[in-house]
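Biologist: Walk me through this one, please, and show me the cut-off behind every label you use.

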Amino acid sequence: MATRSLVAGKCGRGRGGEDRRFEFGSNSYFGKDFFASELLNISFIRANGYRSKALKGFRNENGKRFRVIAKVKKHDYPWPDDIDPNITDGHLTYLSYFKPLDEKPKPVTLPFEKPLVDLEQKIIEVCRMADETGLDFTDQIGALENKYQQALKELYTHLTPIQRLAIARHPNRPTVLDHILNITEKWVELHGDRAGYDDPAMVTGIGTMDGKSYMFIGHQKGRNTKENIFRNFAMPTPHGYRKALRMMKYADHHGLPIITFVDTPGAFADLKSEELGQGEAIAQNLRTMFGLKVPIVTVVVGEGGSGGALAIACPNKLFMLENSVLYVASPEACAAILWKSSKAAPKAAEKLRITAQEHYKRKIADDIIPEPLGGAHADPVWTSQQIRLAITQAIEELTKMDTEELLRHRMLKFRSIGGFQEGKPVEPERKRNMKPSDASMLNAADIESDLERLKKKILEAKVPSDPITEQAIEKLKQDVDKEVTRAFISMGLQEKLESLKLELSRAPNDQPLNRNLKEKVDKLMQEFKQNLSRPGAYLGLKQKLEKLNMVSRLIELKEKGEKLKTQINQKIPADVKAKLEQLENAQENLSKGDPLDRNLVVEAVKAKKELMEIFKSANLEIVGVTKRKVATSLPELKEKIVNVNKEISGEIERIIDDVAGLRGKIEELKAEMAKGSSSPKVEKLEAEIKEGILDALDNTALKEKVEELRREFASSLEVATDDKVTTENGRW
């Protein structure tokens, strides 16, 4: 904001009271100050296009002329108004926007730190009681403080990956500029990428430690909401990475060691950044860093996300603070991809191996820089000094290498990551619970065809324990189990399911479930069914469950039918069985052409009545009777069919000879078919020939013979030779 200091007084009155000014070039000065009247006059001329009479100069009550003098200052940067002219040190602090906060940050308690907060409250309460009552509570306070320290140590020495991630993202955690100002004696920030603008999410500058100059580059988070918005939450645009690249080349040219600090959730992935070449800017940094001829040391002070972190983290030495993390994808994003829910972030954080300890174990990080109990924000200065110690030791080691050795050292560091030894057994590739690809998923038509095939096998199987059928059913059950497991994971119910399985395994087998455990099972299944019933969700699982239910129902019906068939066969008398055998023999003879024995028909009617009495005695209700039809025709019928076919063939030959051009089309069709042609010409000829024959074929007598033959054939098939009984759900 522009500020003006106005002073009024006599303007160098000379002899005779004349007004005197010192002219220098085209500007008027009085001492070292601008005349505000001239400045304001010029601004009014530019704005309004005319000169204001009120600003040409005015007089006071005594008639003495005076002018208004103003010192105009546009920004707090770089120099303040009240700077000490005799200052001998600390000039560079005025060149940075990073100033101490006016208000101390509010304490933030992480979810897993609530037990510590309870102890702190107790200590504060006891201290307040001591102040109010004047009693001595020294022993009680000391015991509580010891208990607090033990709890703090126990908590922070057994942190889970997701808890370390929460500490790395703590709002009060020291930022990159906090660490730089704590470890350097002199520091000047450099700005701009010389191609666009100065990205505040990426800070660069030159600082000194122990009299040596270094180039510092890092992601800068904000200390409050206003700063976070200004710094874009430490997510650089392409301009930020190009600024870092410019400073790396500058340091390489002047022989300055490069120190980079990583603390970003990732590169800014908005549309504008992609249009400006975010990926290209990161790739340029990666390629350039492997060719720099100066030592590079990287310190991960917070979180390092994907390529946004790697763009300034291709060093000779990589250090990580004790509670910092480095990942290719955030646990929340990973959980959303693999388990379809961000609630699985703790599990994803564990599987991703994001902690400093895991990176050190896999030789990605060269060392772990310790933090005070409670995190770096508990004692920022001590943490910064530990960072300084690690940096100076690493630089001392790297400066002993020549250029070729330094470049090879950097290359071998990254080539060794993910390496393996020949001939050593390697853990086989394990498939994760990822979303199945569309190619491997059965569609509805495939499932229906499988269901029909399986249904046919079950109904045609002579015994229920057909090995082929059992194998298909077992495979279906395994597929359903896998789909159900995936569904539980994607619904976020996997942990509940595992804990419930554990409780069920502990329950005694010879006793019924207790009420509490039964309610848990019912609640879990109700939640699972509710998620499963959502429209459009888990379609493959729903289809397979329907298929499995249908198969189970068919098997149950077949087993029930086999059992009932055995019971009925036991109740049928021997003489009825003999009559049934005679009827079956008569059916075979009838199919061969033998005449039908009328006595057998009478016997069949008697056998039918006896069977119905047997079914009624077995408490079975007869719901229908079907007639078994003869599959083959009689000899007389065959002869009639042959004769009719001859008459039809003769009529067609007559039509071909009578209709003009039809014989020629048939010969042409034969020639085309001999060539093996499948062109539309063949189809056209076939259609024309058929149409010509049908138009000419108008023999009423022949049509009557064909209809009579059909009726005779139908009546011959309706001879009742045996009764077939059907069952469903205990009804016959």
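Modeller: Helices are DSSP runs of H or I with at least four residues, strands are E runs of at least two, and both are numbered from the N terminus. With that, Ala 507 falls in the loop between helix 18 (494-506) and helix 19 (515-532). Bear in mind that this is a predicted model, where local features need pLDDT of at least 70 and side-chain atom pairs need 80 or more, while totals for chains, interfaces and linings use all residues. Numbering runs from 1 along each chain as its sequence is written, and side-chain values use heavy atoms, without hydrogens or water.

Biologist: What is Ala 507 in contact with, leaving aside its neighbours within four places in sequence?

Modeller: Contact means heavy atoms within 4.5 Å, and on that basis Ala 507 touches Leu 513 and Leu 517. Ala 507 and Leu 517 sit 10 residues apart in sequence, with 9.3 Å from C-alpha to C-alpha.

Biologist: And the big picture: how many helices and strands does the protein have?

Modeller: There are 26 helices and 16 strands. Of the contacts with a separation of 6 or more, 70% join residues 24 or more positions apart.

Biologist: What makes Cys 127 partly exposed?

Modeller: Buried means under 20% relative accessible area, exposed means over 50%, and partly exposed is in between (1.4 Å probe, protein chains only). Cys 127 comes out at 28%, so it is partly exposed. Cys 314, at 1%, is buried. Across the 732 residues of the protein, 33% count as buried.

Biologist: What makes helix 2 and helix 3 roughly antiparallel to each other?

Modeller: The angle. Axes are lines fitted to C-alpha atoms, for helices over the stretch in contact, and angles run from 0 to 180 degrees between N-to-C directions. Under 35 degrees is roughly parallel, over 145 roughly antiparallel, 65 to 115 roughly perpendicular, and the rest oblique. Helix 2 (residues 114-133) and helix 3 (residues 138-156) pack at about 165 degrees, with axes 10 Å apart, so the pair is roughly antiparallel. Among the residues that meet are Leu 119, Ile 123 and Cys 127 in helix 2 and Leu 144, Tyr 148 and Leu 155 in helix 3. By class, that contact has 12 nonpolar, no polar and four charged residues; Ala, Val, Leu, Ile, Met, Phe, Trp, Tyr, Cys and Pro count as nonpolar, Asp, Glu, Lys and Arg as charged, and the others, Gly among them, as polar.

Biologist: Why are helix 5 and helix 14 called roughly perpendicular?

Modeller: Helix 5 (residues 176-183) and helix 14 (residues 380-398) pack at about 70 degrees, their axes 9 Å apart. That lands in the perpendicular range, so roughly perpendicular is the label. The contact includes His 179 and Asn 182 from helix 5, and Thr 383 and Arg 388 from helix 14. It divides into five nonpolar, five polar and two charged residues.

Biologist: Which residues are buried in helix 4 (residues 161-168)?

Modeller: Gln 163, Arg 164, Leu 165, Ile 167 and Ala 168. Their cover includes helix 3, strand 11 (296-305) and helix 13 (356-361).

Biologist: Where is Phe 233 placed?

Modeller: In the loop between helix 6 (225-230) and helix 7 (238-254). Phe 233 has a positive phi of about 55 degrees, though it is not a glycine. Most residues other than glycine have a negative phi. With 43% relative accessibility, Phe 233 counts as partly exposed.
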